[in-house]
Amino acid sequence: MKFKILICRQENFIDIENELSDENGFLRADFAVDGLHPDGEGNEIIGRAVENWLINYLDSLGNLGNEI
């Protein structure tokens, strides 16, 4: 649990746990190919979360974000 707290405190942490986890905190079976790795739909959720984070981050940079 201490490791999870440390990760969540990182500046650039993207929380996808609620979207991908079951009631026990494990990757939902309908998002997994083998019970451990996300499938296409799971990867789509991760990709959207990263994309939204990047959009917000670049917006926060103002004009500098337009140059990247």
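**View 1. The accessible surface of the whole protein.** The protein exposes about 5,600 Å², of which carbon and sulfur atoms supply 53%; accessible areas come from the Shrake-Rupley method with a 1.4 Å probe, and for residues only the protein chains shown count as cover. Buried residues make up 13% of the 68 residues in the protein, where buried means under 20% relative accessible area, exposed over 50%, and partly exposed in between (1.4 Å probe, protein chains only). The model is predicted: local features need pLDDT of at least 70, side-chain atom pairs count only at pLDDT 80 or more, and totals for chains, interfaces and linings use all residues. Residues are numbered from 1 along each chain as its sequence is written, and side-chain values use heavy atoms, with hydrogens and water left out.

View 2. The protein has 4 helices and 0 strands; helices (H or I, at least four residues) and strands (E, at least two) are DSSP runs, numbered from the N terminus. The mean pLDDT, the predictor's confidence in each residue from 0 to 100, is 85 for the protein, and 88% of its residues reach 70 or more. Confidence is highest in helix 3 (residues 40-60), at a mean of 92, and lowest in helix 4 (residues 63-67), at 58. Where pLDDT is low, the predicted coordinates should not be read in detail.

View 3. The structure holds 1 aromatic pair. The ring centres of Trp53 and Tyr57 are 5.1 Å apart and the ring planes lie at 5°, so the pair is stacked. Rings of Phe, Tyr and Trp (its six-membered ring) pair if their centres lie within 6.5 Å; planes under 30 degrees apart count as stacked, over 60 as edge-to-face and the rest as tilted. Both residues belong to helix 3, 4 residues apart, about one turn of the helix. Trp53 is partly exposed at 25% relative accessibility, and Tyr57 is partly exposed at 36%.

View 4. Ser21 lies in the loop between helix 2 (17-20) and helix 3 and is buried, with a relative accessible area of 18%. Leaving aside neighbours within four places in sequence, Ser21 is in contact (heavy atoms within 4.5 Å) with Phe26 and Arg28. The side chain of Arg28 also meets that of Asp30 in a salt bridge (2.6 Å, N to O), defined as a side-chain nitrogen of Lys or Arg within 4 Å of a carboxyl oxygen of Asp or Glu. A search of the whole structure finds 1 salt bridge. Arg28 is partly exposed at 27% relative accessibility, and Asp30 is partly exposed at 43%.
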